[in-house]
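Subject: Structure handover

Hello,

Here is the structure for you to look over. My notes on it follow below.

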Amino acid sequence: MVWSRTFATFRLYLRALQEARGYWSKFTLILFLGLLGTPIALLTPLPVKMVVDNVLSDEPLPGVLAWWLPQWGSSSTEAILIVTIALAVFIAIVTIAHQTAEWLLREYVAEKMVLDFRGKLFLHSLQMSVLHLGEKGSHEPAYRINYDAPALQWTALYGIIPVIISLVSLAGMLYVMFLINPRLAGVALITSVPLIILIHLNQIRMRDQWHEVRTTESAAQSVVLEALGALPTVTIFGQDRHELQRFLHKAKESFFTRMRVVKLEGGFGVLLGLAIGLGTTAILYLGVRDVQGGALTTGDLLLIMGYIGQLYGPLQAIGSHITGQQRAIASAERAFSVLDQEPHVSDKPDALPLLHTTGRLELDHVTFGYAGNEPVIDDVSLTIPAGARVGIVGRSGAGKTTLVNLLIRMFDPDRGQILLDGIDLRDYRLKDVRRQFSVVSQDAVLFSTTIAANIAYARPEATMEEIIEAAKFGNAHHFIEALPEGYQTLVGERGVRLSGGERQRISLARAFLKNAPILICDEPTSAVDVQTEREITRLAARLMQGRTVIIISHRLSVLQDVDFILRVKEGQVLLEANELKQEILKAS
């Protein structure tokens with residue numbers, strides 16, 4: 001079990017490195033800078049030894065130092081003291097410069113890498129079908145993009161390079177200690193082995209706990225986002241206290257799970273500190289005995305104790321680092337699982353380009369059901385000629401919107417095929433298929449940006465003149481110009497600063513700007529009053545000119561100019577007789 005988990009962790013690190021392959025050259029530079037710290041660390045205790053042995057005790061300089069120093073630098077204790085102080089200052093300056101350069105480069109690479117990874121996760125989530133997000137919820141991928149994505153830096157960068165640097169530093173310390181006193185170096189090596197075993201066993205326990213923490217935190221955040229997203233409903237029904245209790249219930253689960261992790265980390269820290277303390281005490285005791293026996297100088301003992309601090313330091317850093325790494329590994333697995341989800345709708349490898357369609361649509365024995373349930377659309381075959389105006393009616397939940405979503409490839413049929421100009425939709429490139437459709441829905445979705453940007457959402461490269469022309473077509477220019485900031489007015493989240501009719505006019509302007517050959521109107525007037533309905537119907541009629549048009553509506557007056565009507569009922573799509581058309585004419 002332990003070995004399988006270790007192998008799984010190794011594979012995850014490899015995947016993190018693969019995701020960060022664009023930064024390998026920078027990783028190499030960071031590793032090089034990190035390894036430069038080992039010789040600097042080896043020099044750090046040297047001034048103390050020189051002061052104790054060569055300034056205070058008149059011991060002769062070691063051969064290497066005597067050869068390295070100029071003649072005047074070893075001529076007297078005063079000269080040696082000056083050289084020692086200069087060396088200490090030099091080491092301090094080099095250490096600060098090294099640490100600063102390494103930190104700046106590491107932080108830049110880490111943040112840039114996470115930014116790119118977040119973008120990749122976001123794009124992949126956007127390419128998942130509406131059906132998938134409906135099943136999983138949009139809050140979960142949002143949490144993983146915001147909170148789990150940074151795990152890439154902790155696995156690919158901080159998870160590997162610091163361990164390599166610490167191991168090199170560990171080897172360097174042991175080597176120098178063996179040169180000074182093999183017995184003490186052997187004791188240090190022996191006391192290090194239990195620490196390594198302790199570190200490895202602890203990381204297995206921590207990983208499962210962090211998985212649970214991330215899951216409970218995500219659940220708590222979902223409650224917050226859901227309640228704030230439905231704030232008008234919460235307010236109307238006076239359920240603010242209920243939502244608070246629902247959030248606190250999930251947040252408490254996260255709290256207690258995190259406290260279990262804190263206890264594990266605290267216990268591990270105590271054991272690690274105890275082991276390091278015992279090892280340091282044993283080496284200090286034996287070192288004092290060697291000084292008393294003449295096998296070591298006092299300066300050598302201080303040098304060794306300085307190296308012991310730096311020897312156990314990397315081990316303690318590895319222990320703390322690997323303990324923290326389990327949080328990152330749990331998050332990395334969650335982030336990678338987003339990329340592992342295959343989109344329900346995707347391009348074939350040899351997908352055909354589609355520049356412009358005539359608008360002829362055919363359904364050939366199409367069947368579709370949600371998540372393996374009973375078919376919503378069952379063995380439907382029909383033809384919509386190019387340039388036709390088609391009305392679709394039926395009770396709520398009958399499958400009208402499902403039928404339209406199949407046409408624009410929000411999801412694919414379980415059986416049968418949908419043809420556009422005689423070719424299966426799945427044979428075209430997906431982005432080209434979507435480019436052939438404009439949709440005006442009952443919920444005119446606007447983004448929290450300017451009015452101009454919302455209109456240009458259909459065609460971001462549009463000029464300001466084209467945006468204004470589209471707004472005039474949608475009869476929106478007049479009310480936009482009356483606003484203090486005109487087209488640069490921020491509409492607020494989901495267009496909350498505009499009325500329903502104003503949002504719908506902007507939606508019509510957006511559809512006009514896109515100028516797609518197929519227009520779908522999904523209950524475009526259901527949320528407005530009768531007078532606004534008449535105006536929107538008139539504007540929509542202008543937009544329909546020269547296009548294949550599909551109109552979904554419960555209001556018969558909206559369907560008075562259609563060529564024929566389809567009724568969706570119990571999974572079937574039926575061509576209505578003239579009786580319904582007569583009923584529509586009477587209603588109008």
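**T548 and its surroundings**

Leaving aside neighbours within four places in sequence, T548 touches T358, G359, I384, P385, A386, G387, A388, P517, I518 and L519 (contact means heavy atoms within 4.5 Å). The model is predicted: local features need pLDDT of at least 70, side-chain atom pairs count only at pLDDT 80 or more, and totals for chains, interfaces and linings use all residues. Residues are numbered from 1 along each chain as its sequence is written, and side-chain values use heavy atoms, with hydrogens and water left out.

T548 sits in strand β8, residues 548-552. Helices here are DSSP runs of H or I with at least four residues, strands are runs of E with at least two, and both are numbered from the N terminus. Is T548 buried or exposed? T548 has a relative accessible area of 1%, so it counts as buried. The cut-offs: buried is under 20% relative accessible area, exposed is over 50%, and partly exposed is in between (1.4 Å probe, protein chains only). The T548 side chain also reaches the backbone oxygen of G359, at 3.1 Å.

Strand β1 (residues 361-368) pairs with strand β4 (residues 415-420). The sense is antiparallel, over 5 bridges. Pairing requires at least two DSSP bridges between the strands. T367 stands opposite R415 of β4.

β4 also runs antiparallel to strand β5 (residues 423-424), joined by 2 bridges. Within that pair, L419 has D424 in β5 as its bridge partner. β4 and β5 make a hairpin with 2 residues between them. In the turn, D421 has a positive phi of about 55 degrees.

**Salt bridges**

How many salt bridges are found in the whole structure? The search gives 10. The criterion is a side-chain nitrogen of Lys or Arg within 4 Å of a carboxyl oxygen of Asp or Glu.

One network links R429, D432 and R435. R429 bridges to D432, with the closest N and O atoms 2.8 Å apart. R435 bridges to D432 as well, at 2.7 Å between the closest N and O atoms. R435 and D432 are both in helix α15 (residues 430-435). They lie 3 residues apart, about one turn of the helix.

R429 is partly exposed at 30%. R435 is partly exposed at 42%.

R459 and E466 form another salt bridge, 3.5 Å from N to O. R459 has 23% relative accessible area and is partly exposed. E466, at 28%, is partly exposed.

**A nonpolar surface patch**

Which residues form the nonpolar patch on the surface? F255, F256, M259 and V262 do, with about 380 Å² of accessible area together. Areas come from the Shrake-Rupley method with a 1.4 Å probe; for residues, only the protein chains shown count as cover. Patch members have over 30% relative accessible area and no salt bridge; like charges are joined within 9 Å, nonpolar side chains (Val, Leu, Ile, Met, Phe, Trp, Tyr) within 5 Å.

F255 is placed in helix α12, residues 240-292. F255 is at 46% relative accessibility, so it counts as partly exposed.

Best wishes

Technical notes:
Polar contact = N/O pair within 3.5 Å; in protein donor to acceptor, adjacent residues only side chain to side chain.
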